[in-house]
Amino acid sequence: MSIKSLAAKIFAKRIAKKTQKWVDNPVATQEKLLQKLIATAKNTNFGKDHNFEAIRDHGDFVKNVPIRDYEELKPYVEKVVGGAADILWPNKPIYFAKTSGTTSGAKYIPITESSIKHQVEASRNAILNYIEETGNADFVNGKMIFLQGSPVLTEKNGVKLGRLSGISAHYVPNYLQKNRLPSWETNCIEDWDTKVNTIVEETIHEDMTVIAGIPSWVQMYFEKLNTVGNKKVGDLFKNFNLFIYGGVNYEPYRAKFENLIGRKVDSIELFPASEGFFAYQNSQKEKGMLLLLNSGVFYEFVKSDEFFEEHPKRITIKDVEVGVNYVMIISTDAGLWAYNLGDTIQFISLKPYKIIVSGRIKHFISAFGEHVIGKEVESAMQKAIEETDARVNEFTVAPQITPELNELPYHEWFIEFEKEPTDLAKFIAILDLELQQQNSYYFDLIDGKILQRLKITSIKEGGFNEYMKSIGKLGGQNKVQRLSNDRKVANELNTLKR
């Protein structure tokens, strides 16, 4: 065992003990954190506007601080972006993470010295937790690649500005710098196609042991490695045994990845965002991610089916239930207060608190009252892949409300197959039946002959990448929208049919 891997094991054990302290005291940890956040920000503009001085507990917080999304918080954010201090959090942020907005262009998410520290610690601890659980630390001696956005930062009124993944690149610890790929110059390439091709050139002859990134973009990297190296990824990288991912559910990609790699590898799921690092997978034996309760984020939860009511009930982790779909509301040490992140989650365990990401509150299909969510279509796809010989590169789902020829409406699945199933009818039947079993509303609509069974539109090879490139979202942290309640994405993909 090398000195480096031995040191990693010792460090991992120390971090595991620290983690266990707050895992054993979850409610008290969150209550203490809320008090700390309120006390720190009571003299900011936001704190004064929302009577932070009088907030003593969560009930007071709910009365004084309404749920807001980015658009509703924007008047405060614009002051921060304009250069003002002490608006949402004491002083000024040290970064703005620039993300894609849905209604008004770019969003600027403030990142403070405290919040970036928590981001870095959480990503580090996810790997250390893996080492502690498995005893596997040999990978620290090999090369590691993190497919991410450009680390080049601009400046806005004295505050550095960039993508979160690019900002994070500035915080890679010194002991990993020699192991880290791609080179700084390659990481700065903006064009994704050019960047991936250059990464392939830099890495194809290296001893890669850890590969990290959003699955859809890592898949693109693996495909190019297969083509250039004329070998499976696992043959090119004999010691590659750990894949770290976040952003989307890995399960629909798993079969394709194992084919590209040529064998199974361990994986760690992360739940990071510009607004905070919320959870990571803490067990190779169990599903779900450990919700991080001591990382600068106070959590509230609203049941998804109550969220659009005038006064939805806001609860803390003390009152959550397993299996319920919740909208996750966050208050952070970067000055986001009762902020609607837009993600929906479900708890799969309360001891410890472990979650899965179930979708986006704005990304669902309910054209007929079915309220199908991302988790349901992804689980259905996983089942269909497992029970057939199909392999899927990417997919999305949309309703077809006005079909031709007086047909019943249906859900249209746009799928880019790497390998089409031998029996497409069986594949469709499994998809549809699994969705019916997960969603009783969808079952009732099919059973009542309001909807007909789903249909598949096959997309040409590379079609989803072509679509993402056309909307300026190829690579980096961008993800294909898994499902939508209208035909906007569907109409674009219809031009890319096989």
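Author: The open sheet has 11 strands in the order S6-S3-S7-S8-S9-S10-S11-S15-S14-S13-S12, with mixed pairing; strands here are DSSP runs of E of at least two residues, helices are runs of H or I of at least four residues, and both are numbered from the N terminus. Two strands count as paired if DSSP finds at least two bridges between them. The edge strands, each of which pairs on one side only, are strand S6 (180-181) and strand S12 (297-303). The model is a predicted one, in which local features need pLDDT of at least 70 and side-chain atom pairs count only at pLDDT 80 or more, while totals for chains, interfaces and linings use all residues. Residues are numbered from 1 along each chain as its sequence is written, and side-chain values use heavy atoms, with hydrogens and water left out.

Within the sheet, strand S13 (residues 326-332) and strand S14 (residues 339-350) run antiparallel to one another and pair over four bridges. In general, strands of a sheet pair through backbone hydrogen bonds, either parallel or antiparallel.

Valine 62 counts as partly exposed because its relative accessibility is 31%, where buried means under 20% relative accessible area, exposed means over 50%, and partly exposed is in between, with a 1.4 Å probe and protein chains only. Leaving aside neighbours within four places in sequence, valine 62 is in contact (heavy atoms within 4.5 Å) with Glu300 and Arg314. From C-alpha to C-alpha, valine 62 and glycine 276 are 21 Å apart in space, and they are 214 residues apart in sequence.

For the protein as a whole, the secondary structure comes to 18 helices and 18 strands. The radius of gyration is 23 Å, close to the 23 Å that the globule rule gives for 498 residues, so the protein is as compact as a globular protein of that length; the radius is taken over C-alpha atoms, and the rule is 2.2 Å times the number of residues to the power 0.38. Along the principal axes, the C-alpha atoms fill a box of roughly 65 × 60 × 45 Å. Of the 498 residues, 54% count as buried, and among contacts with a separation of 6 or more, 67% are between residues 24 or more positions apart.
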